[in-house]
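Reader: I am new to this one and would like to be walked through it slowly. Could you put it up first, and then I will ask as we go?

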Amino acid sequence: MSIVITGATGQLGRHVVEQLLARGVDPSTVVAGGRNQEALAELAGHGVRTATIDYSDPSTLDNAFVGAEKILLISGSEVGKRSVQHKAVIDAARRVDAELVYTSAPKATTSDLILAPEHKATEGLLEGSGLTYTVLRNNWYTENYDDTIRHAVETGSILTSTGTGKVASATRRDYAEAAAVVLLSDDHAGEILELGGDTPWDMDELAATVAEVSGREVGVTQVTTDEHVAALKGFGFDEGTAGFVAGLDANIADGLLADTDGTLSRIIGRPTTPLRQYVTEFLGK
Ligand SMILES: NC(=O)c1ccc[n+]([C@@H]2O[C@H](COP(=O)([O-])OP(=O)(O)OC[C@H]3O[C@@H](n4cnc5c(N)ncnc54)[C@H](OP(=O)(O)O)[C@@H]3O)[C@@H](O)[C@H]2O)c1
């Protein structure tokens with residue numbers, strides 16, 4: 001029997017594979033899947049089995065899922081195609097009757113978050129699948145702000161349209177540990193887990209943290225959504241991407257990523273990575 005990690009070639013998936021191995025899982029029972037062959041070869045170096053998995057090619061799913069007991073479906077990155085792709089994964093999981101764990105988004109079924117609809121659709125498919133499943137509703141990665149932190153140190157400024165909205169972020173490693181814990185236990189079967197960092201923060205706090213850690217003064221410039229779109233286009237983003245990024249900031253301003261209830265730290269048995277610790281490590285201080 002095996003544990004299959006889809007999207008293992010990506011940043012979250014690699015952490016999950018590492019976390020499984022760190023917990024003593026026999027590498028020969030782990031199947032790391034993805035499309036990127038170089039990344040698969042690198043994963044094979046850790047002793048795990050690897051499989052080409054393309055969500056748009058059901059034959060690759062059937063091949064990777066032979067003997068699967070549990071499958072972690074890491075949501076795809078091709079926004080707009082994901083409901084169909086995730087359906088293919090769920091259908092293939094049904095053919096081998098494996099348990100599924102799915103990475104979703106905060107309050108996916110009720111949220112106005114612009115990324116929620118595909119997660120809501122996937123959770124609906126899981127509900128109707130007859131499979132045993134767990135949903136990991138991951139809040140934002142703290143790593144989403146790497147460019148913002150770097151830019152803040154370079155220019156002394158953060159441009160944002162998030163207002164006073166807070167983000168309950170945690171690191172990919174925090175979420176990956178939770179995924180590993182859930183995969184290795186039967187305690188969370190059937191649960192929908194809202195996962196986020198212990199302490200939500202806003203852009204003023206991020207600026208103050210970067211200033212404290214780097215020694216450079218950092219100011220926050222709040223703009224409207226339209227002004228933000230224009231500024232992003234000025235930085236070279238195309239219209240669609242600029243609208244998407246500013247739309248997510250508008251979601252944050254509306255408080256859609258602010259809630260957290262400590263579930264993530266309870267599952268991983270330690271506090272989530274504090275913002276200050278992340279910024280300190282990121283800046284190599
Ligand atoms: N919570 C957040 O803040 C946040 C931020 C960004 C993304 N996300 C979501 O969380 C997921 C994991 O995050 P991440 O940082 O690990 O993203 P990532 O580094 O971009 O990795 C995405 C993974 O998804 C795989 N993938 C994408 N489309 C696929 C397809 N059609 N068939 C098979 N595999 C496919 C990629 O495989 P290959 O590279 O091998 O093609 C890769 O392994 C993302 O895909 C996205 O849904 C969440």
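**Strand by strand, then the helices**

Author: Let me begin inside the sheet, where valine 4 stands opposite valine 31 in strand 2. Please keep in mind throughout that this is a predicted model.

Reader: Okay, and how many bridges pair strand 1 with strand 2?

Author: Strand 1 and strand 2, the latter being residues 30–34, pair in the parallel sense over three bridges. The two strands also belong to a right-handed β-α-β unit, in which helix 1, residues 11–22, is the helical part.

Reader: And which residue of strand 4 is the bridge partner of isoleucine 5?

Author: The bridge partner of isoleucine 5 in strand 4 is leucine 72. Strand 1 and strand 4 run parallel and are joined by four bridges.

Reader: Which way do the residues of strand 1 point, and are they buried or exposed?

Author: Ser2 and Val4 point one way from strand 1, while Ile3 and Ile5 point the other way, and all of them are buried.

Reader: Now the whole sheet, please: what is the order of its strands?

Author: It is an open sheet of seven strands in the order 3-2-1-4-5-6-8, with parallel pairing. Strand 3 (49–52) and strand 8 stand at the edges and have a single partner strand each, so one side of each is left without a neighbour in the sheet. From one strand to the next, the twist averages 20°.

Reader: What packs on that sheet?

Author: Helix 7, residues 172–183, packs on the sheet and touches strand 1, strand 4, strand 5, strand 6 and strand 8, and its direction makes about 170° with that of strand 6.

Reader: Strand 6 again, then. Why is it described as largely enclosed?

Author: Six of the six residues of strand 6, which spans residues 133–138, are buried, so the strand is largely enclosed by the rest of the structure. Both of its faces are covered, with Tyr133, Val135 and Arg137 buried on one side and Thr134, Leu136 and Asn138 buried on the other.

Reader: Changing topic to helices: at what angle do helix 8 and helix 12 cross?

Author: The axes of helix 8 (residues 203–214) and helix 12 (residues 275–282) come within 10 Å and cross at roughly 45°. That angle makes helix 8 oblique to helix 12, and the crossing is right-handed. Glu205, Leu206, Thr209, Val210 and Val213 in helix 8 meet Leu275, Arg276, Val279 and Thr280 in helix 12.

Reader: And where do helix 6 and helix 8 make contact?

Author: The axes of helix 6, residues 146–155, and helix 8 come within 10 Å and cross at roughly 60°, and this crossing is right-handed. The contact is made by Ile149, Ala152 and Val153 of helix 6 and by Ala207, Val210 and Ser214 of helix 8.

Reader: What about helix 9 and helix 10, at what angle do they pack?

Author: Helix 9 (residues 225–234) and helix 10 (residues 239–253) pack at an angle of about 140°, with their axes 9 Å apart, and they are therefore oblique to each other. Helix 9 passes helix 10 in a right-handed crossing. The residues making the contact include His228 and Leu232 of helix 9, and Ala242 and Ala246 of helix 10.

Definitions and conventions. Residues numbered from 1 in each chain as written. Predicted model: local features only at pLDDT ≥ 70, side-chain atom pairs only at ≥ 80, totals over all residues. Buried ≥ 20, exposed ≤ 12 C-beta atoms within 10 Å, placed from the backbone. Pairing = 2+ DSSP bridges. Axes fitted to C-alpha atoms, helices over the stretch in contact; angles between N-to-C directions. Contact = placed C-beta atoms within 7 Å. Parallel < 35°, antiparallel > 145°, perpendicular 65-115°, else oblique. Left-handed = near helix turned anticlockwise from the far one by under 90°. Right-handed = clockwise from strand over helix to strand, strands pointing away.
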